[in-house]
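My entries follow the order in which I checked things.

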Amino acid sequence: MATEEAAPAPAPVTPTLPQYPELILAAIEAVDDKNGANKTTISKHIESIYGQLPAAHSTLLSHHLNRMKQAGELVLYKNNYIKPDPNAPPRRGRGRPSKAKTSPSSAPASDAVVSPPRPRGRPPKVVDPDAPAPEEKTQSPSVSGRKRGRPKKSESGGRGRGRPPKEKPSPAATAEVGA
């Protein structure tokens, strides 16, 4: 018996797809609409040209569209993807822009004194050493002789916590009512 080497089976020939960003840009150009193309239109255009697409085509397409949108390669306007206008100003991110930091190298070469940044919070009161010392306040006795405000609870007297118990009628009172 002769040993025959098993030749590997040839892999099925599939046309190689270009990179997704190239496919997306080509589809938007092919649609040639001033409003751009939505995700469905781009997907149908790619499918019509390349036929069989990978199983994860919609996921890959969504991922690349989002990545291109974040990178500024595409603009999303009314659910349509458009190539950005080269004359348009660059988009800035959300929120308030940060303050420009001035470095010592960018400062003018003058003898100007740069003060340190202000500390946070309310500044302390300025104490004038020449001012007379404040007089201490003494409590003036009130007219009735009591202190102002609500009186303190006394622990021994007064009511306890909760609802007071019902008063029980005395036996003499019940005898009079029943007679």
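These entries go from helix packing to single residues and then to the backbone angles.

**Entry 1: the model**

I am working from a predicted model. I kept that in mind throughout.

**Entry 2: helix 1 on its own**

I began with helix 1, residues 20-31. I checked its length first. Helix 1 has 12 residues and runs 16 Å from first C-alpha to last, close to the 16 Å expected at 1.5 Å a residue.

Which residues of helix 1 are buried? I found Y20, P21, L23, I24, A27 and I28. I then looked down the axis of helix 1. The buried residues fall within an arc of 160°, so they line one face of the helix. I also asked what covers the buried residues of helix 1. The cover includes helix 2, helix 3 and strand 2.

**Entry 3: helix 1 against helix 2**

Next I took the pair formed with helix 2, residues 39-50. Two packed helices are described by the angle between their axes and the distance between the axes. For helix 1 and helix 2, I noted an angle of about 100° and axes 9 Å apart. That makes helix 1 roughly perpendicular to helix 2, because angles of 65 to 115 degrees count as such.

I listed the residues that meet. Helix 1 brings L23, I24, A26, A27, I28, A30 and V31. Helix 2 brings T41, I42, H45, I46 and Y50. By class, the residues of this contact between helix 1 and helix 2 are 10 nonpolar, two polar and no charged.

**Entry 4: helix 1 against helix 3**

I repeated the check with helix 3, residues 57-71. The axes of helix 1 and helix 3 come within 10 Å and cross at roughly 80°. Helix 1 and helix 3 are therefore roughly perpendicular to each other.

From helix 1, the contact takes in Y20, P21, I24 and L25. From helix 3, it takes in H57, L60, L61, H64, L65, R67 and M68. I sorted the contact of helix 1 with helix 3 by class: eight nonpolar, two polar and one charged.

**Entry 5: helix 3 on its own**

I ran the length check on helix 3 too. Its 15 residues should span 21 Å at 1.5 Å a residue, and the end C-alpha atoms are 21 Å apart, which agrees.

The buried residues of helix 3 are H57, L61, H64, L65 and M68. Seen down the axis of helix 3, they fall within an arc of 105°, so they line one face of the helix. On the other side of helix 3, I found T59 and Q70 exposed. The buried residues of helix 3 pack against helix 1, helix 2 and strand 2.

I picked I24 in helix 1. Its relative accessibility is 0%, so I24 counts as buried, the cut-off being under 20%. Leaving out residues up to four places away in sequence, I24 touches I42, L61, H64, L65, M68 and L74. I24 and L74 are 50 residues apart in sequence, yet their C-alpha atoms are 9.7 Å apart in space.

H64 came next, in helix 3. At 15% relative accessibility, H64 counts as buried. With residues up to four places away in sequence set aside, H64 touches Y20, P21 and I24.

I then moved to N80, in strand 2. N80 is buried, at a relative accessible area of 18%. Which residues does N80 touch, not counting those up to four places away in sequence? I listed N35, G36, A37, N38 and V75.

**Entry 6: positive phi**

I ended with the backbone. Most residues other than glycine have a negative phi. I looked for positive values.

K78 has a positive phi of about 50° although it is not a glycine. K78 lies in the loop between strand 1 (75-77) and strand 2 (80-82). At 68% relative accessibility, K78 counts as exposed.

N79 is not a glycine, yet has a positive phi of about 65°. I placed N79 in the loop between strand 1 and strand 2. N79 is exposed, with a relative accessible area of 60%.

Helix 1 is followed by D32, with a positive phi near 50°. Just after helix 3, G72 takes a positive phi of about 90°.

Key:
Residues are numbered from 1 along each chain as its sequence is written. This is a predicted model: local features need pLDDT of at least 70, side-chain atom pairs count only at pLDDT 80 or more; totals for chains, interfaces and linings use all residues. Side-chain values use heavy atoms; hydrogens and water are left out. Axes are lines fitted to C-alpha atoms, for helices over the stretch in contact, and angles run from 0 to 180 degrees between N-to-C directions. Helices (H or I, at least four residues) and strands (E, at least two) are DSSP runs, numbered from the N terminus. Angles under 35 degrees count as roughly parallel, over 145 as roughly antiparallel, 65 to 115 as roughly perpendicular and the rest as oblique. Contact means heavy atoms within 4.5 Å. Ala, Val, Leu, Ile, Met, Phe, Trp, Tyr, Cys and Pro count as nonpolar, Asp, Glu, Lys and Arg as charged, and the others, Gly among them, as polar. Buried means under 20% relative accessible area, exposed over 50%, partly exposed in between (1.4 Å probe, protein chains only). The expected span of a helix is 1.5 Å times one less than its number of residues. The arc is that of the directions from the helix axis to the C-beta atoms.
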